[in-house]
Amino acid sequence: MLTLLTTMYLVVRAVSSRAEPIRVVVTGAAGQIAYSLLYSIAKGDVFGKDQPIILILLDIPPMLPVLEGVVMELQDCALPLLKDVIPTDKVEVAFKNVDAAILVGSMPRKEGMERKDLLKANVAIFKTQGAALEQHAKKTVKVLVVGNPANTNCLIASKSAPSIPKENFSCLTRLDHNRACSQVAMRCGVSSDHVKNVIIWGNHSSTQYPDVHHAKVNVSGSEMAAYDAVKDEAWLRGDFISTVQLRGAAVIKARKLSSAMSAAKAICDHMRDIWFGTKEGEFISMGVYAKGNPYGIPEDLIYSFPVQIKNKTWKMVDGLPINDFSRAKMDATAAELVEERDTALDFLSQ
C-alpha cells in the first residue's frame, strides 16, 4: 500500500513539475515596489509552489540599465520555478500572451503638479497599456492595477481593452485592508490573522472608508464582533479611520519614500487570492467594476467592495446592512471617484 501511495505521489509530482510556465508581467519593474515583489512571485509565493513562471519586466527606456541589475539579482537567486526573465521597454513584448499583469508603474505626483495633470499623464499610460493588453494578452488575463490613482487607472485600462472581461480587472486596496486588520489586531492585542472581514469601500485615496461593522476578532479562542472586541466606538469612528486613510502619507513622511514592502505583500495577497480563492466564510477588499453592485454605488466605476473568490472569479458580498454613518462615507468616496472618472474620460476622448 505504501509503495502504491509513494508511486502515485511521485507521478503527481512529475506531472506538476511539467506544468506549463505562466507568463507574468510586472510594470514599473525597476522601481522599489517591484524590487520587494519580484522575489516573492519568482519563488512561488503567489501562483503556487509547483507553478513555473516566466517573468516579463516592463519599464521606461531610461530604467533599462537598472532593470538589467534586477535581472541579474533574480538569476543569482537560483530559483527553480523561474524559467525566464525578460526585461523590455516595449509593450508588445511585455504583454504578449500574459496570464497575469501587475501594473505597478505610473506617473508619480510631482511637486506643484495639479491632480488633473497627474490624471492626464496616467490616462495616457493606462490607455496604452490597456490597448496592449487588448492586442497581445490572453483574454483570460487577470490584471491588477497598483499605480495611482489606481481605481481610475484601472477603469481606463479596462475601457481600452474592450474584449477582455471587465471582471478580469481589479485595483489594489488590499494594502488598505491589511492596514485596517493590523490596526484592529494591535488594538485588541491579537495577531492580525485573528481579524477577518474588515472592508475597504471606495477609492484608494484619503476618502476611502475602512469599515469594521462586519468584522470579526478572535479573542482567546472566542470570535466576536470587532466593535465588541475593541470596546471603543469613538476610536473606531475616528482615529482608526483616519490612520488607515492617511497611512501612506505617514510612511512617506517617515521613510521619505512611499510604501514598498507592505505594498508588495498586499499585491501578493491579492493575486494569491485570485488564483486560489478566499477562505470559507471570509471576504477581502478589492477595487472591482461596480456594475450590478447591491450597495447603490454608481456603476461605471472601479470601486473597492468586499468580495469572495472561487475558481478565479470574484463575487461581491451581498446583503450587508449599511447604517447611516457608513452610507455617508461610502457615498463621499464614490463622489470622488465619479469626479476622477469624468475628468479622465474627458482626457481619453481628446
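Here are some friendly notes on a few loop residues and on the cavity in this predicted model.

1. A word on conventions. The model is predicted, so local features need pLDDT of at least 70 and side-chain atom pairs count only at pLDDT 80 or more, while totals for chains, interfaces and linings use all residues. Residues are numbered from 1 along each chain as its sequence is written, and side-chain values use heavy atoms, with hydrogens and water left out.

2. Do look at the cis peptide bond. It runs from Asn148 to Pro149, with omega near -5°. Pro149 sits in the loop between strand S5 (142–145) and helix H6 (150–159). Helices (H or I, at least four residues) and strands (E, at least two) are DSSP runs, numbered from the N terminus.

3. Asn97 deserves a glance for its backbone. Its phi is near 55°, a positive value in a residue other than glycine. Asn97 belongs to the loop between helix H4 (91–94) and strand S4 (100–103). With 37% relative accessibility, Asn97 counts as partly exposed; buried means under 20% relative accessible area, exposed over 50%, and partly exposed in between (1.4 Å probe, protein chains only).

4. Ser220 is another residue to check. Phi is positive in this non-glycine residue too, near 55°. The loop that holds Ser220 lies between strand S10 (216–219) and strand S11 (222–225). Ser220 is exposed because its relative accessible area is 78%.

5. Next, a glycine. Gly292 is found in the loop between strand S12 (284–289) and strand S13 (302–310), and it counts as exposed because its relative accessibility is 58%. Its C-alpha atom is separated by 15 Å from that of Gly202, 90 residues apart along the chain.

6. What does the structure hold in the way of cavities of 30 Å³ or more? There is one, and the space in the largest cavity is about 60 Å³. A cavity is a set of points, on a 1 Å grid over the protein atoms alone, where a 1.4 Å probe fits but cannot get out; lining residues have an atom within 4 Å of a point. Grid points are joined across faces, edges and corners, and a volume is the space filled by probe spheres set on the points.

7. Finally, the lining of that largest cavity. Among its residues are Lys142, Glu167, Phe169, Met286 and Trp314. Strand S6 (169–171) and strand S14 (313–316) each supply at least two of the lining residues. The lining divides into five nonpolar, three polar and three charged residues (Ala, Val, Leu, Ile, Met, Phe, Trp, Tyr, Cys and Pro count as nonpolar, Asp, Glu, Lys and Arg as charged, and the others, Gly among them, as polar).

Notes: 1 Å grid on protein atoms, 1.4 Å probe; cavity = no way out; pocket = protein on both sides within 12 Å on 5 of 7 lines; lining within 4 Å.
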